[in-house]
Amino acid sequence: MNQKIAHLGPPGTYAEQAAFFYLNWLKAHSDINSQRSFELCPYSTIAQSLQAIADKQAEIAVVPVENSIEGSVNMTMDSLWQLGNLKIQLALVLPIQHTLISYATSLDNIKTVYSHPQALAQCQEWISQFLPNVNLIPRNSTTEALQGLEEEVTTAAISSSRAAQLYNLPILARGINDYPENCTRFWVVSREENHPVDCTHTSLAFSVPANVPGALMKVLSVFAHLGINLSRIESRPTKRYLGEYLFYLDIEADVNAQIMKSALEELRNYTEILKIFGSYSVLPINL
Ligand SMILES: O=C(O)C(=O)C[C@]1(C(=O)O)C=C[C@@H](O)C=C1
């Protein structure tokens, strides 16, 4: 059976790099007699790669969730809530080293820089120091940003050295992210529940029944009282009214642990809509 792995494209994105790592990890952990084969499928946006699994065009999607400098990837958070029934299988942490790619012979000749908004944000201090007067133009991905560089020598793109190599493009500066330990966490998502026993994290999101004092505190105190650690809390607008929010939690416990079953039971009393995105473990990608 051929399984499609959706990711943000065109080829050469960081998402493809994470998907490629996952594919190799899958091959190494598959039953030797397994008839499964895998194919990487690029999509124009993160939302489209998640939609592809919901629509059964692909079985798995690898999507960025959070960056150590810039924080959450909102398109992933919003799509997961909207699609509702997708499940996280695994988390991958990819080190991110950005390069400036351009046909310009010096930084002084650059007038415009293209990249994914996350990449532009991760390099904002470097840009204001070395390219203070350039126009910054967002693109759907760091590799979409590479299109047209050859025709216009006053433009540059922020992408990876792997992408520069793939498209045979010149690198003008390396390691331009503002913090050297820059890394992005990706989620491997599918339609099916994850069943391994050794999951370290659970992610969920919820809305509260009313915008009243203590509504969020009641939910958080369920975990505090049971001694369950949270590793992330984020809010996103519900998009219905100004000032109304959804809350996303990453929790350091397996959804199948008895303590989490008790927590979730209690949580249902204090939440309006509760969506459990699944339990998973976290794999660092060593480059
Ligand atoms: O544009 C890419 O190459 C992506 O894979 C997207 C993305 C992101 O959305 O965060 C992934 C990793 C980096 O943080 C920068 C961009």
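Select Asn67 first: in this predicted model, Asn67 stands opposite Gly71 of strand E4. Now extend the selection to both strands. E4 covers residues 71-72 and pairs with E3 in the antiparallel sense, over 2 bridges. Between E3 and E4 lie 3 residues, and the two strands form a hairpin.

**Along E3**

Select residues 60-67, the whole of strand E3. Is this strand enclosed or open to the outside? Of its 8 residues, 7 are buried, so E3 is largely enclosed by the rest of the structure. Buried here means under 20% relative accessible area.

**Across to E1**

Now show residues 2-8, strand E1. E1 pairs with E3 in the parallel sense, over 3 bridges. Ile5 has Ile60 as its bridge partner in E3. Ala6 stands opposite Ala61, also in E3.

Check the cover on E1 as well: 5 of its 7 residues are buried, and the strand is mostly covered.

**On to E2**

Which residue of E2 is the bridge partner of Ile5? Leu40 is.

**The ligand**

Turn to the ligand and display the residues around it. There are 16, and Tyr14, Ala15, Gln122, Thr142 and Thr184 come nearest. Which elements each supply at least two residues of this shell? They are helix H1 (14-29), E3, helix H4 (117-122) and E11.

Now check the distances to ligand oxygen atoms:

- Tyr14: a backbone N or O atom lies 3.0 Å from a ligand oxygen.
- Ala15: a backbone N or O atom lies 2.9 Å from a ligand oxygen.
- Thr142: an N or O atom of the side chain is 2.6 Å from a ligand oxygen.

How much of the ligand's area does the protein bury? Taken alone, the ligand exposes 360 Å², and the protein buries 100% of that.

Show the largest cavity: the ligand sits in it.

Key
Residues are numbered from 1 along each chain as its sequence is written. This is a predicted model: local features need pLDDT of at least 70, side-chain atom pairs count only at pLDDT 80 or more; totals for chains, interfaces and linings use all residues. Side-chain values use heavy atoms; hydrogens and water are left out. Buried means under 20% relative accessible area, exposed over 50%, partly exposed in between (1.4 Å probe, protein chains only). Helices (H or I, at least four residues) and strands (E, at least two) are DSSP runs, numbered from the N terminus. Two strands pair if DSSP finds at least two bridges between them. A residue is near a molecule or strand if one of its heavy atoms lies within 4 Å of it. A polar contact is a pair of N or O atoms within 3.5 Å; within protein, one must be able to donate a hydrogen and the other to accept it, and residues adjacent in sequence count only if both atoms are side-chain atoms. Accessible areas come from the Shrake-Rupley method with a 1.4 Å probe; for residues, only the protein chains shown count as cover. On a 1 Å grid over the protein atoms alone, a cavity is a set of points where a 1.4 Å probe fits but cannot get out, and a pocket is an open set with protein on both sides within 12 Å along at least five of seven lines; lining residues have an atom within 4 Å of a point. A molecule sits in a cavity or pocket if more than half of its atoms lie within 2 Å of its grid points.
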